[in-house]
Amino acid sequence: MTNKVFIDGAAGTTGLEIAERLAGRSEFSLITLDDAQRKDTAARREALNEADVAILCLPDEAAIEAVALIDPVSGTRVIDASSAHRTTEGWCYGFPELVGSERVATARRVSNPGCYPTGFLALVAPLVRAGLLPADWPYTVNAVSGYSGGGKALIERFEAPGAPAFRAYGYDLKHKHLPEMKAHAGLEHPVIFAPSVVPAYRGMIVEVPLHLDAMANDPQADALRDALGEFYAGSAVVTVHDKQPVGELLLGPDDTPFDGLELFVFSNDGGWNARLVARLDNLGKGASGAAVQNLNLLCGLPETAGLRL
Ligand SMILES: NC(=O)C1=CN([C@@H]2O[C@H](COP(=O)(O)OP(=O)(O)OC[C@H]3O[C@@H](n4cnc5c(N)ncnc54)[C@H](OP(=O)(O)O)[C@@H]3O)[C@@H](O)[C@H]2O)C=CC1
Ligand SMILES: CC(=O)N[C@@H](CCC(=O)OP(=O)(O)O)C(=O)O
């Protein structure tokens, strides 16, 4: 059976990458709108209701509008790449490794995780769940992203003459990813999040530095790494690296698209200070790769089909 898929926002950065991943896959047929129709409400309504699965690659307000355009009896299932529904009741958080593939497979409304939260949650959520890291700890998250993370507007800014060599932001301490990080890691406090952007098109490094010796349960870095290794054992998407495999992590200006997620636990010699680090592609597991993984699950297909691993 062919699954009819409509990508709302198909001309955008995330939408285009999803279409690339679906190209040549006979399990799907894409419903497309031409340039004159892609923002036309009537045309979108028709496409949204005709689809078996609608993938929303839109700004938050437009994603909320798209969901409202879907007639509840049409049976259209939704994967929303925006941050509009990531902590909304009735929506499944589309992180199969954390919520379980079966839950995603049976959901009607799936919210794709944000790119930065994907790195943070992959590192911290399993360790909090296992009781190895405290839920009431004041976590901080330092991160650097490729500029495609900001969509067409940031791409234009970073590809224009006089583009910045580095951009730090989030200084209002109100980044839209905060609620999602707190909720899905099961934390008691919001994290302090320090994001930044470099002149690399894609890729990101998300880091959680930890004073393990200040925690009441005194966890050891090796135990954290082992627990992550066990949690993701058998995952074709998430790799937990062995102890200190590298001295540096790099982002290149033109890195190859990648839908996997790499996790590292670096530590000092005594193992009481640690840096939990995730490396991923913001357009891969951070957006389009995750959307395709979720689409596969919704359609009863092998979870990693079509992914760039
Ligand atoms: N880029 C990334 O790494 C990630 C993005 N996301 C999320 O995915 C979503 C899409 O982001 P991204 O692809 O980067 O953004 P882009 O700005 O690159 O693309 C958004 C697309 O949506 C179109 N659009 C805007 N409003 C409407 C509307 N009312 N009806 C139809 N189309 C509309 C835009 O049209 P036009 O071309 O005319 O501007 C554009 O083509 C966002 O919510 C973003 O936060 C999530 C994770 C990572
Ligand atoms: C570099 C950059 O600007 N990144 C975006 C987040 C990209 C992303 O993850 O999109 P969602 O917000 O839909 O999750 C930002 O910080 O707002």
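**Entry 1: where the domains meet**

I began at the boundary between the two domains, and I found 13 residues of domain 1 in contact with 19 residues of domain 2. I then asked which elements give two or more residues to the side of domain 1 that touches domain 2. They are α4 (96–99) and α10. Of the elements there, α10 gives the most, with 4 residues. I also sorted that side of domain 1 by class and noted 5 nonpolar, 6 polar and 2 charged residues. A reminder to myself: this is a predicted model.

**Entry 2: the domains themselves**

Next I looked up the bounds. Domain 1 takes in 3–112 together with 287–298, while domain 2 covers 115–282. I checked the spacing too, and the centres of the two domains, taken over C-alpha atoms, are separated by 26 Å.

**Entry 3: helix α1**

Then I turned to α1, which spans residues 13–22. Is this helix mostly covered or mostly uncovered? I found it mostly covered, with 7 of its 10 residues buried. I wrote down the buried ones: Thr13, Thr14, Gly15, Glu17, Ile18, Arg21 and Leu22.

**Entry 4: just past the helix**

Last, I followed the chain beyond α1. Just after the helix I came to Gly24, which takes a positive phi of about 80 degrees.

Note on methods
Residues numbered from 1 in each chain as written. Chains lettered and ligands numbered in written order. Predicted model: local features only at pLDDT ≥ 70, side-chain atom pairs only at ≥ 80, totals over all residues. Buried ≥ 20, exposed ≤ 12 C-beta atoms within 10 Å, placed from the backbone. Domains from an automatic or database assignment. Contact = placed C-beta atoms within 7 Å. Nonpolar A, V, L, I, M, F, W, Y, C, P; charged D, E, K, R; others polar.
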